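Open the model in a viewer and keep the selection panel at hand.

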Amino acid sequence: MAKSVVGPIDGRISGTVGARIGANVLDTLTTGMYTNPLDAVREYVANARDAIVTARDQGLIPAKHPGRIQISIDTRSRSLTIRDEGIGLPSETACQRLVDVGMSEKSTSRENNRIVGFRGIGRLAGIAYCETLEFRTSAVGDTVETIVCFDCVALRKGIWDSTRNPETEAVALLNECTTKKTNRVNEDEHFFEVRMQGIGNDVGDRLLNNDHLMDYLGQNAPVDLDGHRMIYKQEIIKEYDKEGINIPVVQIILGRDGQQGGEVFRPYKSSYQTAKRVNSHERIEIRGIDFLTPSRQDFQYWGWVGRSNLLGQIPDPSSSGIRIRKQGIGFGGAELMSEIFRGASASSERFNHWFIGEIHIFHPDVIPNGRRDGFEETEAWTAIRADLLIHARTLSKQCHEASEARNMSPQKAQQRADAAHESADLLLKSGVATPEKKEEGIAKLDRAIERIVSDKEKAVKRIGADEGRKYDRILGDLDKKKSKLQQVKYASTDMESGLDRPQVKILRLILEAAQETLEENHYARLRAAIESKLRERRAGSPKAK
């Protein structure tokens with residue numbers, strides 16, 4: 001009987017092992033990676049953006065031309081088409097490159113830090129959401145366009161069947177569900193087109209909806225600012241130029257049912273309605289731009305944040321919260337930066353939504369993760385995230401101070417004074433039953449005066465003497481009210497005539513208990529009734545007997 005020898009494997013496996021990849025892995029690379037159907041559009045736009053950058057490098061697009069991506073919705077055929085004027089794929093390699101998975105030639109281009117895609121899996125994103133996924137492309141010099149079509153219904157069925165038949169392999173299934181053909185085109189054309197045909201009813205409300213697409217792409221695509229809505233656009237661009245920063249943008253035109261449609265812009269504005277008090281006329285006004293720079297040059301990021309009056313959270317979910325972008329593509333939405341704010345303190349996470357702004361990362365070693373909702377945990381990203389935490393602490397402090405300033409404003413001081421006046425007026429109207437009740441009323445006024453004096457001192461220190469003078473009238477009115485309360489008679493004073501000491505003591509106890517337990521109008525009626533009865537008694541009225 002032969003002995004089996006077990007030892008360490010410390011070298012390469014020799015010979016042909018015959019590794020296989022099950023078809024079920026395709027589910028992970030489609031639905032598993034892109035749970036939001038709009039993420040598929042982002043992947044195709046990111047690929048289009050890379051193709052445009054390459055075309056510009058090769059002189060096919062003018063240097064100052066942003067490059068155009070046309071997105072067209074057809075509601076009758078339930079289709080979505082994304083077409084760019086980028087470099088395209090040459091006919092001799094197009095088919096192979098479109099069916100290969102995880103073998104993107106852009107992987108080696110990441111060193112130039114200008115290409116977003118590199119994994120070679122993004123084009124599979126649409127498989128989960130349509131019946132047919134079609135790619136059309138041509139490069140300069142080709143006389144044909146290559147058309148590769150995936151039968152997504154058959155693919156999804158094959159993936160599902162593979163859960164019961166693990167022998168089904170991913171490559172075999174892809175080949176079985178893919179067809180290729182060519183058409184004649186002008187040899188000067190260069191383009192890439194994606195068609196998602198037969199989009200499912202369960203996702204059509206997003207993929208075939210202009211507003212949803214416009215909103216999503218504005219937050220995530222590498223598009224421009226709208227100078228009409230964001231009046232500080234030129235200030236931001238001027239700073240770009242000053243810092244030698246180049247953030248390429250593309251022009252995305254969104255059309256529907258043959259209509260041209262509008263251009264997609266990043267969603268920032270210069271003014272927002274506050275989230276609180278629907279009828280309030282207060283607005284969050286962007287009054288300027290502050291720029292965020294790294295503490296070390298090798299961190300390689302740059303950002304801007306809108307300087308506002310910080311009245312609270314910006315209620316527009318498409319633009320509230322500082323966003324993080326790389327090469328113009330948004331990653332992780334506002335949540336990514338909110339996590340960094342949370343590092344300042346648990347309560348600071350909400351403060352990210354008090355701002356609009358962006359962080360643009362240029363470091364080549366900050367790599368988007370597979371789901372595009374953040375970055376790989378590289379040393380570079382860890383260092384930049386720690387540096388951004390410094391900015392988050394500074395911005396959180398501004399929010400705390402703004403909130404505190406509102407609580408110390410003359411308006412807030414007046415509200416605090418009004419509450420103290422109301423309490424004192426009740427005592428002045430109904431009288432105080434005991435010395436203790438009088439002292440309690442004076443103490444309330446003293447606390448309000450002390451708080452407002454403190455607010456005044458902080459306002460003078462923070463803003464100036466003119467701001468402090470706004471508190472003087474409020475404090476003067478409180479001093480007058482305190483003086484009146486100090487001179488007020490006890491509620492029993494006008495009733496004590498003709499009563500002996502024990503009777504006076506009992507009367508005061510009754511009035512004290514009534515004042516503490518009854519509402520103002522009931523207490524006033526009881527006091528008046530007691531006073532009337534005592535008057536009758538003193539007058540010797542028959543009723544009193």
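A residue counts as buried when its relative accessible area is under 20%, and as exposed when that value is over 50%. Note before starting that this is a predicted model.

**Stop 1: Leu155**

Select Leu155, which sits in helix H4, residues 152–162. Is Leu155 buried or exposed? Its relative accessible area is 0%, so Leu155 is buried. Now display what surrounds the residue. Setting aside residues up to four places away in sequence, Leu155 touches Leu26, Ile127, Phe150, Leu173, Leu174 and Cys177.

**Stop 2: the whole protein**

The protein has 545 residues, and 47% of them count as buried. Colouring by secondary structure brings up 16 helices and 14 strands. Taking contacts between residues at least 6 apart in sequence, 72% join residues at least 24 apart. Switch to a surface view: the protein exposes about 28700 Å², of which carbon and sulfur atoms supply 50%.

**Stop 3: helices H2 and H7**

Select residues 37–57 for helix H2 and residues 210–220 for helix H7. At what angle do the axes of H2 and H7 cross? They cross at roughly 55° and come within 11 Å. That angle makes H2 oblique to H7. The crossing of the two helices, H2 and H7, is right-handed. Show side chains to see the contact: H2 contributes Leu38, Asp39, Val41, Arg42 and Val45, and H7 contributes His212, Leu213, Tyr216 and Leu217. Sorted by class, the contact of H2 with H7 consists of six nonpolar residues, one polar residue and two charged residues.

**Stop 4**

Most residues other than glycine have a negative phi. The next two selections have positive values.

Go to Asp257, in the loop that runs between strand E7 (251–256) and strand E8 (259–263). Phi of Asp257 is positive, near 50°, and the residue is not a glycine. With a relative accessible area of 38%, Asp257 is partly exposed.

Then select Leu310, in the loop between strand E11 (301–308) and strand E12 (321–326). Leu310 is not a glycine either, and its phi is positive at about 50°. Is Leu310 buried or exposed? Leu310 has a relative accessible area of 8% and is therefore buried.

Key: Residues are numbered from 1 along each chain as its sequence is written. This is a predicted model: local features need pLDDT of at least 70, side-chain atom pairs count only at pLDDT 80 or more; totals for chains, interfaces and linings use all residues. Side-chain values use heavy atoms; hydrogens and water are left out. Axes are lines fitted to C-alpha atoms, for helices over the stretch in contact, and angles run from 0 to 180 degrees between N-to-C directions. Helices (H or I, at least four residues) and strands (E, at least two) are DSSP runs, numbered from the N terminus. Angles under 35 degrees count as roughly parallel, over 145 as roughly antiparallel, 65 to 115 as roughly perpendicular and the rest as oblique. A crossing is left-handed if the near helix is turned anticlockwise from the far one by less than a right angle, and right-handed if clockwise. Contact means heavy atoms within 4.5 Å. Ala, Val, Leu, Ile, Met, Phe, Trp, Tyr, Cys and Pro count as nonpolar, Asp, Glu, Lys and Arg as charged, and the others, Gly among them, as polar. Buried means under 20% relative accessible area, exposed over 50%, partly exposed in between (1.4 Å probe, protein chains only). Accessible areas come from the Shrake-Rupley method with a 1.4 Å probe; for residues, only the protein chains shown count as cover.
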